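Me: I am new to this structure and would like a careful look at a single part of it. Please begin with the open space in the fold and then follow one neighbouring topic through to its contacts.

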Amino acid sequence: MKKYFVIAKNSFMRHSYYRTQSVISIITSVTGIIMMQFFWRALYAETTVVNDTTLQQMCIYSSVSWVLNLFQCESIQHEITDKVKSGDVILELLLPYNYVFGLMFKVIGENCWIFLTRALPVLAGVVLILQDTFAAVLDIPTIAVFILSAVLGNILLMFISFILALMSFSFVEISGLFVLKEIMITVFSGLVIPTWFFPGELAIIVNFLPFQYMIQVPLGFLCGRIDASEMGINLLIQIFWITAAVVLTFFIWRKNTANLESFGG
């Protein structure tokens, strides 16, 4: 395991050189949070509750959703597809560690950097500005469940990114799939609008997809939209989707590397 922690450490140190990118990301997130605050306050201007959700809950939801959105795991996609196109993925197979696990720990190192330099400052600013709104949810059990669910959601996102990136072994150029993934996550994960505002038929379909368990479910715990009686089942469903994604990831990886063909390498 020591070698994987070294990989995570190196990934963390490498991203420390991109301080300007962190500043831009913070500014973008703060701008998005402010815009969404205006949006939801305008929507609730003449009412106090919409679809069993209060303005206070939506203020919390829309603010923290931008923080969770900072963890996109896009580096996995680009690294795998670039190495497949160049043929360098063969060299990775010769290294004394599992390539998939190596990428996982690279993402862990990257996410630690994102948390410390982007997510934490943005979240601290949001809590400070909206301290009266957050006062209702700032208790240890709620925060603990939210953090656990948010970590599980990010793991799920990471492995879905893995699965799509590994498709490059078969199709080489899959940038269209990445665009589709971003659209699906934006719409169906509850990033912008929670799925409980969706029409009945669409909401039923979304409930059978894994996307809401990346962002909406953790935020549902935090803002009080998911009560204590539903916490256990939602966490178990998150674990189920992660397990399915992990199994599929390693299945695709072993199948592709068994008959690996290098393009351009």
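Reply:

The lining of the largest pocket is made up of 28 nonpolar residues, 5 polar ones and no charged ones (Ala, Val, Leu, Ile, Met, Phe, Trp, Tyr, Cys and Pro count as nonpolar, Asp, Glu, Lys and Arg as charged, the others, Gly among them, as polar). The model is predicted, so local features need pLDDT of at least 70 and side-chain atom pairs pLDDT 80 or more, while totals for chains, interfaces and linings use all residues. Residues are numbered from 1 along each chain as its sequence is written, and side-chain values use heavy atoms, with hydrogens and water left out.

The largest pocket has a volume of about 810 Å³ (the space filled by 1.4 Å probe spheres on points of a 1 Å grid, joined across faces, edges and corners; a pocket is an open set of points with protein on both sides within 12 Å along at least five of seven lines, and lining residues have an atom within 4 Å of a point). Of its 33 lining residues, Leu 68, Phe 71, Phe 115, Ala 150 and Val 151 are the closest to the centre. Two or more lining residues come from each of helix H3 (55-68), helix H6 (99-129) and helix H8 (140-166) (helices are DSSP runs of H or I, at least four residues, numbered from the N terminus), and H6 provides the largest share, 11 residues.

Helix H4 (residues 74-86) packs against H8, their axes coming within 9 Å and crossing at roughly 20° (axes are lines fitted to C-alpha atoms over the stretch in contact, with angles from 0 to 180 degrees between N-to-C directions). H4 and H8 are therefore roughly parallel (under 35 degrees; over 145 is roughly antiparallel, 65 to 115 roughly perpendicular, the rest oblique). In this contact (heavy atoms within 4.5 Å), Ile 76, Gln 77, Ile 80 and Thr 81 of H4 meet Met 158, Ser 161, Phe 162, Ala 165 and Leu 166 of H8, a set of 6 nonpolar, 3 polar and no charged residues.

With H6, the axis of H4 comes within 10 Å and crosses at roughly 140°, and the two helices are therefore oblique to each other. Here Ser 75, Ile 76, Glu 79, Ile 80 and Lys 83 of H4 are in contact with Tyr 99, Leu 103, Lys 106, Val 107 and Glu 110 of H6, which divide into 5 nonpolar, 1 polar and 4 charged residues.
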